[in-house]
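Thanks for coming. I have one model to go through this morning, so let me put it on the screen.

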Amino acid sequence: VGFDNVITVDMGGTSTDVCLVNKGKPLVTTENKLSGLPSAVPMIDISSVGAGGGSIAWLDEGGMLRVGPRSAGADPGPACYDRGGQQVPVTDCDLWRGIIRPEKFAGGNYPLSRAASEKAIGTLAAKLDMDNDLVAESVTKIAESNMMQAIRVVSTQRGHDPREYVLVAFGGAGPVHAVGLAEELGMEK
């Protein structure tokens, strides 16, 4: 694509996977664990965080809003799937904020229910004494903050300035959050 230095962000339903490609080559690490055991086998250095489209917003013991790592999965999925989901995943907040068009989801083959998102977000909003707009924005910011931490793990914590890289987002929800991530990290492309 004409760029040698990129940071990839693959945001799916349950997690976001981030990788730094420097001078056309992905970083490799031997500091891995497989089934909890150390492995010195060279692998592409991918940082994963529990921040996907299905990551659920919840309140901790102190009443603070958190997002992930628990996920709504595909069944029942986000409330907007209209399959009985009652919790508030990132996808419902993206829909509520108008970032996802309900009639165009999955190429228009799977319309989403804004009313179901409104009900789920409203339940959480009542617990927080906030309105739906502020809850949806807060959930999005928390999820993006978690994703930015994963980006920092592969970039600044390894001596690479993310502003010198191009953000390449993919997966079911990566492009939805790419602009917010890039702006926050000072990435211009």
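In which strand is Pro89 found? Pro89 is found in strand β11. Before going on, the conventions: this is a predicted model, with local features needing pLDDT of at least 70 and side-chain atom pairs counted only at pLDDT 80 or more, while totals for chains, interfaces and linings use all residues. Residues are numbered from 1 along each chain as its sequence is written, and side-chain values use heavy atoms, with hydrogens and water left out. Helices (H or I, at least four residues) and strands (E, at least two) are DSSP runs, numbered from the N terminus.

Back to Pro89. Its relative accessible area is 0%, so Pro89 is buried; buried means under 20% relative accessible area, exposed over 50%, and partly exposed in between, with a 1.4 Å probe and protein chains only. Contact here means heavy atoms within 4.5 Å. Leaving out residues up to four places away in sequence, Pro89 touches Gly53, Gly54, Ser55, Ile56, Ala72, Pro78 and Ala79. Asp17 is 72 residues away from Pro89 along the chain, and their C-alpha atoms are separated by 18 Å.

Now the sheet around that strand. Two strands pair if DSSP finds at least two bridges between them. An open sheet of three strands has the order β10-β9-β11, with antiparallel pairing. β10 and β11 (88-89) stand at the edges with a single partner strand each, so one side of each has no neighbour in the sheet. Strand β9, residues 55-59, is joined to β10 by four bridges, and the two run antiparallel. In that pairing Ser55 stands opposite Ser71 in β10.

Two helices lie across these strands. For the angles, axes are lines fitted to C-alpha atoms, for helices over the stretch in contact, and angles run from 0 to 180 degrees between N-to-C directions. α2 lies across β9, β10 and β11, at about 25° to β9. α3 lies across β9 and β10, at about 65° to β10.

With 15 residues, α2 reaches 21 Å from its first C-alpha to its last, close to the 21 Å expected at 1.5 Å a residue; the expected span is 1.5 Å times one less than the number of residues. Among the buried residues of α2 are Ala116, Ala120, Ile121 and Leu124. The cover over the buried residues of α2 includes β9, β10, β11, α1 and α3. Asp129 follows α2 and has a positive phi, near 55°.

Next, the core. A nonpolar core is a set of buried Ala, Val, Leu, Ile, Met, Phe, Trp, Tyr and Cys residues joined through side-chain atoms within 4.5 Å. Which residues touch the most other members of the largest one? Of its 38 residues, they are Ile7, Val139, Ile151 and Leu167. Two or more residues come from each of β1 (6-11), β2 (16-22), β10 (65-71), α1 (90-96), α2 (114-128), α3 (132-154) and α4 (174-185). α3 gives the largest share, nine residues. Setting aside neighbours within four places in sequence, Ile151 is in contact with Ile7, Val9, Val18, Leu167, Leu181 and Leu185.

As for β1, five of its six residues are buried, so this strand is largely enclosed by the rest of the structure. β1 and β2 run antiparallel and are joined by six bridges, with a hairpin of four residues between them. Met11 stands opposite Thr16 in β2. β1 also pairs in the parallel sense with strand β12 (residues 166-170), over five bridges. There, Thr8 stands opposite Val168 in β12.

Last, the aromatics. Rings of Phe, Tyr and Trp (its six-membered ring) pair if their centres lie within 6.5 Å; planes under 30 degrees apart count as stacked, over 60 as edge-to-face, and the rest as tilted. The structure holds three aromatic pairs. In one of them, Tyr81 and Phe105, the ring centres are 6.0 Å apart and the planes are at 50°, so the pair is tilted. This pair links distant parts of the chain, 24 residues apart: Tyr81 is in the loop between β10 and β11, and Phe105 in the loop between α1 and α2. Phe105 has a relative accessible area of 22%, so Phe105 is partly exposed. Ring pairs link Tyr81, Phe105 and Tyr110 into a cluster.
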